[in-house]
Amino acid sequence: MAIVLVLLGSVCTVLAVQYIRSILAVRSLRRQLGEIERGSHMEIGVECRQREVLLLCRQLNRLRQQWFQNQRQYEKGEKQLKQNVASLAHDIRTPLTGAAGYVQLARECEEPKRRERYLQTADDRLKELGDMLEELFLYTKLTSAEFELNMSEIQALPLLGACLVGMYRQFEEKGVSPEVEFESEGFRVNADEECLRRVFHNLIQNGLLHGRGGLSIRQSGCGISFENLVSETSVPDPEQIFERFYKADSARRKGSSGLGLFIVKELMERMGGQVGAELNGQRLTIRLEFPEAE
C-alpha cells in the first residue's frame, strides 16, 4: 500500500510540475504576443521543452512572419497607390489647365484665324482629358467581376482602319503616316468589337505619344504587330511595359494615364488572346496573338 501511495505521489508531483511549466509557457507566450502587438519584431521563444508547446511556438512564429510580410506588402502598395493617385491628378490637370489657357487666349484674341486655332488646340486638350478619363473608367470596369464580353467574329482590317482615320489629326501633327501591311485583308478574329477597338486605339496612341517616327502595323498568321522607334530618353522595359501606371520616362507625357498598355493586356487575355513586347535596339514591337477564329 505504501509503495502505491509513493508512486501516486510521484506521478502527481510530475504532473504538477508539467502543469506549472505549461502555465508559465502560456504566460510567456501571451507576454511576447503582447510585445508584438505593440510593434516589436521579436521572435517568439519558450524555455519549456514540451512537444505541443514547441509546435505551438513554431506555428506562432510562422504566422508572425507571414503577418510582417503582409504588412510590408500592404505599406508598399499603399505608398504606390498614393504616388499613382498624385501622378494621375497631375496628368488630368495638365490638359485641363492647357485647355482653359487656350480658351482664355481665344477670348482675348480678335484675329479670327488665330482664335480658331486656339479653340482647336483647346478642343484637342479636352479630347486628351476625355480619353484618359475613359481609360480610368474602363480600368475600374476591368477590376469588377461584372465585366462582360460580347464575343463575335470580326474582320480586323476595317476596324483598324477606322481607328487610324479617327487619329488622322495626330498623325498629321507629327508629320508621319502609318504603314499597314496585312497578309490577308479578310483576316478575322474572335473578339469583342468595342474591346478590340480600344486595343487598337491604345496601341496606335502609344506609338504616337512615345514613338519616334512612323508606326508600322503588320498582320501575319494569327497576330498583328505594332512597331515604332522609341526615343533615346525613354526606352521602355518590355518586362514592365504592361504593368499598371508604368511609364518609361520620369517626366509625365501629355495625354497618357499610364494605363493604356495594361488595358491592352487585360482585354487581350479576357478575349482569349495574348500580347507581348520585344525591344530590338530602339525598335519596339508589340504583338497581338489571337485565337484562331472558327
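Reader: Where does Met 271 lie?

Author: Met 271 lies in the loop between α7 and β6. Helices here are DSSP runs of H or I with at least four residues, and strands are runs of E with at least two, numbered from the N terminus. The model is predicted: local features need pLDDT of at least 70, side-chain atom pairs count only at pLDDT 80 or more, and totals for chains, interfaces and linings use all residues. Residues are numbered from 1 along each chain as its sequence is written, and side-chain values use heavy atoms, with hydrogens and water left out.

Reader: What makes Met 271 buried or exposed?

Author: Its relative accessible area is 6%. Buried means under 20%, exposed over 50%, and partly exposed in between, with a 1.4 Å probe and protein chains only. Met 271 is therefore buried.

Reader: Which residues does Met 271 touch?

Author: Leaving aside residues up to four places away in sequence, Met 271 touches Leu 149, Met 151, Asn 190, Ala 191, Asp 192, Cys 195, Leu 196, Val 199 and Pro 291. Contact means heavy atoms within 4.5 Å. Met 271 and Leu 196 are 75 residues apart in sequence, and their C-alpha atoms are 8.9 Å apart in space.

Reader: Why are α6 and α7 called roughly antiparallel?

Author: Helix α6 (residues 193–210) and α7 pack at an angle of about 150°, with their axes 9 Å apart. Axes are lines fitted to C-alpha atoms, for helices over the stretch in contact, and angles run from 0 to 180 degrees between N-to-C directions. Angles under 35 degrees count as roughly parallel, over 145 as roughly antiparallel, 65 to 115 as roughly perpendicular, and the rest as oblique. The pair α6 and α7 is therefore roughly antiparallel.

Reader: Which residues of α6 and α7 meet?

Author: From α6 come Cys 195, Arg 198, Val 199, Asn 202, Leu 203 and Asn 206; from α7 come Gly 260, Leu 261, Ile 263, Val 264, Leu 267 and Met 268.

Reader: Why are α3 and α7 called oblique?

Author: Helix α3 (residues 112–142) and helix α7 (residues 260–270) pack at an angle of about 40°, and their axes are 11 Å apart. That angle puts them in the remaining class, so α3 and α7 are oblique to each other.

Reader: Which residues of α3 and α7 make the contact?

Author: Glu 135, Leu 138, Tyr 139 and Leu 142 of α3 make the contact with Gly 260, Phe 262, Ile 263, Glu 266, Leu 267 and Arg 270 of α7.

Reader: What is the order of strands in the open sheet?

Author: Five strands stand in the order β2-β4-β5-β7-β6, with mixed pairing. β2 (179–182) and β6 (274–280) each have a single partner strand, so they stand at the edges.

Reader: How do you know that β6 and β7 pair?

Author: Two strands pair if DSSP finds at least two bridges between them. β6 and β7 have seven bridges, in the antiparallel sense.

Reader: How many bridges join β5 and β7?

Author: Strand β5 (residues 223–230) and strand β7 (residues 283–289) pair in the antiparallel sense over seven bridges. Glu 227 has Thr 285 in β7 as its bridge partner.
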